[in-house]
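Subject: Model for handover

Hello,

The structure is below, and my notes on it follow. Please read them alongside the model.

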Amino acid sequence: MFIVPAVAYLLLFFGYPIVENVVMSFQQYTTTTFYTGAARFVGLQNYAKILSSDLFSKALLTTVLFTAGSIIGQFVLGLAFALFFQRRFPLGGVLRSLLLLPWLLPLVVSATTWRWMLDTDTGVVNDALRGLHLLSSGIPWLTGTSEALVSVILINIWVGIPFNTTILYAGLQDIPVHLYEAAKLDGAGPVALFRHVTWPLLRPVVNVVLVLGVVYTVKVLDLILVVTGGGPANATETLATQSYELSFQQFEFGRGAAMSNVLIAISLAFAFVYLRAHRRAQHT
């Protein structure tokens with residue numbers, strides 16, 4: 001009886017929308033359906049349309065590059081900050097608190113600020129680079145087809161560093177200090193300490209960070225919509241933004257639902273493969 005409220009909440013607010021989304025993906029669901037309630041069953045037609053479209057392969061590649069770049073940057077920098085803050089020094093707690101600001105700010109506010117900062121003509125980033133005589137003309141951070149994707153990746157890294165740092169720092173605190181002391185007595189240096197003590201005991205936390213990071217990143221929508229809108233020339237168009245455009249700009253709700261289901265399937269496949277590989281590595 002104690003778990004009935006939680007189960008009811010999950011079924012109502014998570015289970016029902018997922019089931020409804022799956023059903024919608026097999027229907028020709030349009031704006032008139034909201035009034036008539038009738039949606040013609042089309043089978044796999046929505047999936048066939050999105051998978052055969054010219055934008056799908058490009059959006060899939062962009063999603064992979066955006067996710068991989070974001071996860072690598074967030075994890076490496078987050079781990080570096082976590083190791084740095086493991087040392088006790090004056091104002092360490094204050095700096096850790098300030099590091100949480102990118103995570104606490106509403107993402108729309110952060111994205112809008114970065115869009116202003118990266119403006120080619122009036123952005124503070126190009127002004128600073130010109131002031132340091134590092135370039136003569138502004139870099140098209142948001143208007144260049146190659147620069148735009150790099151820009152949204154860097155912004156997403158900035159947003160995700162606090163999450164990685166916080167979780168990894170908590171994991172480092174659970175490692176017994178006497179293991180480091182014993183390893184030092186055996187002559188282990190900083191690299192050996194990290195390789196043989198820190199990393200093996202931190203791997204369960206690393207698994208959580210990476211899996212959650214991929215699930216969060218692969219569906220990033222608001223940041224890209226605010227900063228680039230999926231442009232220029234679809235250079236930052238991902239599966240998430242394409243699903244949004246199909247549903248709420250073209251009002252093809254069935255195809256938008258199918259696209260979001262593909263996104264869910266990719267996330268679940270990654271989590272399954274990664275966790276299975278980690279479990280197999282533990283037993284070997």
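A residue is called buried under 20% relative accessible area, exposed over 50%, and partly exposed in between, with a 1.4 Å probe and protein chains only. This is a predicted model, in which local features need pLDDT of at least 70 and side-chain atom pairs count only at pLDDT 80 or more, whereas totals for chains, interfaces and linings use all residues. Residues are numbered from 1 along each chain as its sequence is written, and side-chain values use heavy atoms, with hydrogens and water left out.

Overall

Of the chain's 284 residues, 38% count as buried. The C-alpha trace spans about 75 × 65 × 35 Å along its principal axes. Its secondary structure comes to 14 helices and two strands, where helices (H or I, at least four residues) and strands (E, at least two) are DSSP runs numbered from the N terminus.

Salt bridge

The count comes to one salt bridge, that is, a side-chain nitrogen of Lys or Arg within 4 Å of a carboxyl oxygen of Asp or Glu. R130 forms a salt bridge with D127, and the closest N and O atoms are 2.7 Å apart. Both R130 and D127 lie in helix α8 (residues 124-131), three residues apart, or about one turn of the helix. R130 counts as partly exposed because its relative accessibility is 25%. D127, at 37%, also counts as partly exposed.

Helix α1

Helix α1 (residues 4-24) has 21 residues and should span 30 Å at 1.5 Å a residue; its end C-alpha atoms are 28 Å apart, which agrees. The expected span is 1.5 Å times one less than the number of residues. α1 bends by about 35 degrees at L11, the bend being the angle between axes fitted to the seven residues ending there and the seven starting there.

Helices α4 and α9

Helix α4 (residues 54-85) and helix α9 (residues 147-173) pack with their axes 6 Å apart, at an angle of about 40 degrees. Axes are lines fitted to C-alpha atoms, for helices over the stretch in contact, and angles run from 0 to 180 degrees between N-to-C directions. α4 and α9 are therefore oblique to each other; angles under 35 degrees count as roughly parallel, over 145 as roughly antiparallel, 65 to 115 as roughly perpendicular and the rest as oblique.

I71 lies in helix α4 and counts as buried, since its relative accessibility is 11%. I71 and Y180 are 109 residues apart in sequence and 28 Å apart in space, C-alpha to C-alpha.

Regards
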